[in-house]
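I opened my notebook to look up a few things in this structure. Here is what I checked, entry by entry.

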Amino acid sequence: MTEQSVSIRSICVYCGSRPGRDPSHMAAGRALGREIAEYGLRLVYGGGTKGIMGAVASGVLSGGGQVTGIIPEFLIDMEATRHSLGQLNELIVTPDMHARKHTMFERSDAFVALPGGIGTLEEIVEIMTWAQLGRHEKPMVFANINGFWDPMMELMRHMTDEGFLHTAHRVQPLVVDEISGIIPAIMAQAAQLAADRDGEDEVISKM
């Protein structure tokens, strides 16, 4: 394990439980899964075995990586099959969506949003909200496959221009177009945050 990767042990991936119309989205899911396994990281995700969610998990498992699926009981037969869930390294069944999201947050050192729908958007936006409120400094990434998240970036610029992101310095998600660049970007940001904290501690110790 490299020095940079010490603080990043697991990556939470938010994405669609459906494949979407663009085949590149499924391909991106599988590729990200393989990257996570190659870096020796654990995937934390919503437990679905269908759509892009299934592609990410499959990519990790095929690369010999570790997968933690976190899913509410009522979604098991909607987003997964019980047989496929048995292939995960760890399965956590929660009573509701709130517990699912909280557990995913606690188990993860960074967050990546692949293409998805309202649920995917809601999950990454909640993580961004917690960052804005100063509850965490974990890296957040929009995997901007074929410009999928461009409208979201434009909306954020609009909100900033209109004066609603008053703590915008805390809400600075990384926007990465290529799957191969996601984990290096996460590692670099984590290393920078650690260096900044060390610098602040040194200044305080001299006061």
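**Burial and set-up.** I started with burial: buried residues make up 45% of the 207 residues in the chain. Buried here means under 20% relative accessible area, exposed means over 50%, and partly exposed is in between (1.4 Å probe, protein chains only). I note that this is a predicted model, where local features need pLDDT of at least 70, side-chain atom pairs count only at pLDDT 80 or more, and totals for chains, interfaces and linings use all residues. Residues are numbered from 1 along each chain as its sequence is written, and side-chain values use heavy atoms, with hydrogens and water left out.

**The whole chain.** I looked up the secondary structure next and found eight helices and seven strands. Helices (H or I, at least four residues) and strands (E, at least two) are DSSP runs, numbered from the N terminus. The radius of gyration is 17 Å, close to the 17 Å from the globule rule for 207 residues, so the chain is as compact as a globular protein of that length. That radius is taken over C-alpha atoms, and the rule is 2.2 Å times the number of residues to the power 0.38. I also noted the box that the C-alpha atoms fill, roughly 60 × 40 × 35 Å along the principal axes.

**Strand β1.** Is β1 (residues 10-14) enclosed or open? Five of its five residues are buried, so the rest of the structure largely encloses β1. S10, C12 and Y14 point one way, while I11 and V13 point the other way. I then found β2 (residues 42-45) running parallel to β1, with four bridges joining them; two strands pair if DSSP finds at least two bridges between them. In this pairing V13 stands opposite Y45.

**Helix α1.** I checked the length of α1 (residues 23-38): its 16 residues should span 22 Å at 1.5 Å a residue, and its end C-alpha atoms are 23 Å apart, which agrees. The expected span is 1.5 Å times one less than the number of residues. Buried residues in α1 include H25, M26, L32 and I36. Just after α1, G40 has a positive phi of about 70°.

**K101.** I finished in helix α5 (residues 97-107), where K101 lies. K101 is buried, with a relative accessible area of 15%. Which side chain makes a polar contact with the side chain of K101? I found E122, at 2.6 Å. A polar contact is a pair of N or O atoms within 3.5 Å; within protein, one must be able to donate a hydrogen and the other to accept it, and residues adjacent in sequence count only if both atoms are side-chain atoms. Leaving aside neighbours within four places in sequence, K101 is in contact (heavy atoms within 4.5 Å) with E122, E123 and E126.
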